[in-house]
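Hi,

Here's the structure I promised to pass along. Have a look first, and then read on for my notes.

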Amino acid sequence: MRISLSALLVASLTLGACGGSLNPFGWFGRSTSEVAPPQDDRPVNPLIPTGGDRSLLKSVTGIGVEPVYNGKPFGEVVQLVVERRDGGAIVRVTGRSDRQGVYDVRLTTMNEDEQPVDGVLTYRLEGLEPTNTRVGSPASREVTVARSLTDQKLRGVRSIRVEGLRNSRVVRR
């Protein structure tokens, strides 16, 4: 009995210390920050949907009508954490906006139908900005948002990327 209990304890401590895919606490590693690519300076037609955002197309065609979301990207993505849960994972992102008072914060998918492209699932951290607000301290401009992903959506995903205006954060399996 002591030997089996000792073996179980040693095995669980060994598994907990490794960073492999069998360790539930090391399912996704720590996030790393990357510099955002330069923004395209060409004029944008707001009537043509871009990226994976199809809400405008749905509202124009009347198929699956949903309101158009006019969120603006956050200035900086501060933290990205993926937490394992039963049946999937929770992606938790903290961002720092350029001004205080940003509301209706969302992780907008940049992939078509939220399918990974080359194993990368990409989101953009966006929020609605009120007018005439102060800049304030960095801590007063931080907002945290989370998104739940199922195991089916995570199938084939090797990394999750969240973009802001000036940087992006990536977490890899």
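To start with, which strand does Arg169 lie in? That would be E9, which covers residues 167-172. Before you go further, keep in mind that this is a predicted model.

Staying with Arg169 for a moment: is the residue buried or exposed? Its relative accessible area is 15%, and buried means under 20%, so Arg169 is buried.

E3, E4 and E7 make up an open sheet of three strands, in the order E3-E4-E7, with antiparallel pairing. At the edges are E3 (76-85) and E7, each of which pairs on one side only. Going from one strand to the next, the twist averages 15°. As a bit of background, strands in a sheet pair through backbone hydrogen bonds, and they can do this in parallel or antiparallel fashion.

One of the bridge pairs to click on is Glu76, whose partner in E4 is Arg96.

Next, Thr109. You'll find this residue in strand E5, which spans residues 103-109. Thr109 has a relative accessibility of 15%, which is under the 20% cut-off, so it counts as buried. Its side chain has a polar atom 3.3 Å from the backbone nitrogen of Asn111.

Asp118 sits in the loop between E5 and strand E6 (120-128). With a relative accessibility of 65%, above the 50% that exposed requires, Asp118 counts as exposed.

Asn132 also has a positive phi, about 55°, without being a glycine. Its place is the loop that runs between E6 and strand E7 (142-150). And why does Asn132 count as exposed? Because its relative accessible area is 80%, and exposed means over 50%.

So, if you're opening the file now, I'd go through the stops in this order: Arg169 in E9, the E3-E4-E7 sheet, Thr109 in E5, and then the loops with Asp118 and Asn132.

Cheers

Notes
Residues are numbered from 1 along each chain as its sequence is written. This is a predicted model: local features need pLDDT of at least 70, side-chain atom pairs count only at pLDDT 80 or more; totals for chains, interfaces and linings use all residues. Side-chain values use heavy atoms; hydrogens and water are left out. Helices (H or I, at least four residues) and strands (E, at least two) are DSSP runs, numbered from the N terminus. Buried means under 20% relative accessible area, exposed over 50%, partly exposed in between (1.4 Å probe, protein chains only). A polar contact is a pair of N or O atoms within 3.5 Å; within protein, one must be able to donate a hydrogen and the other to accept it, and residues adjacent in sequence count only if both atoms are side-chain atoms. Two strands pair if DSSP finds at least two bridges between them. Axes are lines fitted to C-alpha atoms, for helices over the stretch in contact, and angles run from 0 to 180 degrees between N-to-C directions.
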